[in-house]
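Subject: A structure for you to look at

Hi,

Here is the structure I promised to send over. Please open it next to this email and follow along as you read.

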Amino acid sequence: MLRIGYGLLYLIFLLREYPHRDEMWGPGSPWTPELARQMFDQSGWASVLTLSDNPVYFEVCYTVALVTCALFVLGWRTRAVSVLFAVMVVSFHAKAIFMADGGDNLMVLMAVYLIFTACGRRWSLDARRTRLQASVGKMAGPHRGGLRYQLDSARTSVITVLHNCGMFVIAAQVCFLYGCAGLYKVQGLKWGDGTALHYILNIDLFRPWPELSQMIDGHHVLLAAVGYLTVLVQVAFPFVLFGRLKYPVLAMLLGMHVNIAVLMGLPLFSGAMIVADAVFLPDRFYRAVGRVGRRAVKRTSVTGAGASPGTAHAAVPSQPGPTGDWA
């Protein structure tokens, strides 16, 4: 889910900014590669986009980034593509760091963390290739006790440890993010008196739909209640992960991020947080969703078949049958 979510999210982001790519990251950007390199000396960042000022080189990098995102979503050679995906995300973020927001920062962190996970084992072309090889007998294990068997066992153990550590770091990152955000809100006077959302809805820089923001801003009691609930959910999030209470909390966080995307015009940040929240949903949740989806498709197909021409009863008087004997 994380692989597909972040790969697709960044692919959409790059396609969305394709007409403005030169002004944002290319040679036509006011933030030139020379300025970026001077900042890298202080910040420690790096970017492949600053290696050359040639427009052709930039177009090649942008094309490679688009292809990498698509391959990452599909799960093709995920182990190598995940490294290239992280390099591209870090490079584009570092080149235009002053245009970044919280969503870009989270995207960079998750792209790096995903390198250490086995995120291509499911729902990927790699998984499909493994199944095909197993079906034709190409995946027969080596003789138990042999050197190759021991090397494969050691490799599997290392991959498992790295994957579990990577998933733990991702989960901890999300917990720290929500916990710190909630605790910082608790210290704010505007969140304490319930007026924070009123001021947020009136920031012109984050108001893509002014009429909608003004309409919602008229419900003062509702805004105060939503503000207090936001603080409560964010502070409580790390403490409800090991019980069923996490499901309503995740549902409320989903609604919060959807509202942030629509009302504040931050779809990348909201999308990155929604994908990050998916790490706390167990496998049985996705299996249940799959079963419900298959049942819905089956029910729809059965309904469609029942309504297909030739199967429904025609609204005409019954006709006398033939008198002949039909074999």
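Let's begin with D126, which counts as buried because its relative accessibility is 11%. Here buried means under 20% relative accessible area, exposed means over 50%, and partly exposed is in between, with a 1.4 Å probe and protein chains only. Before going on, please note that this is a predicted model, in which local features need pLDDT of at least 70 and side-chain atom pairs count only at pLDDT 80 or more, while totals for chains, interfaces and linings use all residues. Residues are numbered from 1 along each chain as its sequence is written, and side-chain values use heavy atoms, with hydrogens and water left out.

What does the side chain of D126 meet in a salt bridge? Its partner is the side chain of R129, at 2.9 Å from N to O. A salt bridge here is a side-chain nitrogen of Lys or Arg within 4 Å of a carboxyl oxygen of Asp or Glu. D126 and R129 are separated by about one helical turn, because they are 3 residues apart in helix α7. (Helices are DSSP runs of H or I with at least four residues, and strands are runs of E with at least two, numbered from the N terminus.) R129 is partly exposed, at 26% relative accessible area.

The whole structure holds 4 salt bridges. Another of them joins the side chains of R21 and E59, at 3.2 Å from N to O. R21 lies in helix α2 (residues 21-24) and E59 in helix α4, so this pair ties together parts that are 38 residues apart in sequence. R21 is buried, at 16%, whereas E59 is partly exposed, at 29%.

There is also a salt bridge between R207 and D204, whose closest N and O atoms are 3.0 Å apart. R207 counts as buried, with 17% relative accessibility, but D204 is exposed, with 60%.

Finally, have a look at helix α3 (residues 33-43). Which of its residues are buried? They are P33, A36 and F40. Seen down the axis of α3, these buried residues fall within an arc of 55°, so they line one face of the helix. That arc is taken from the directions from the helix axis to the C-beta atoms. D41 and Q42, on the other side of α3, are exposed.

Enjoy exploring, and write back with any questions!

Best wishes
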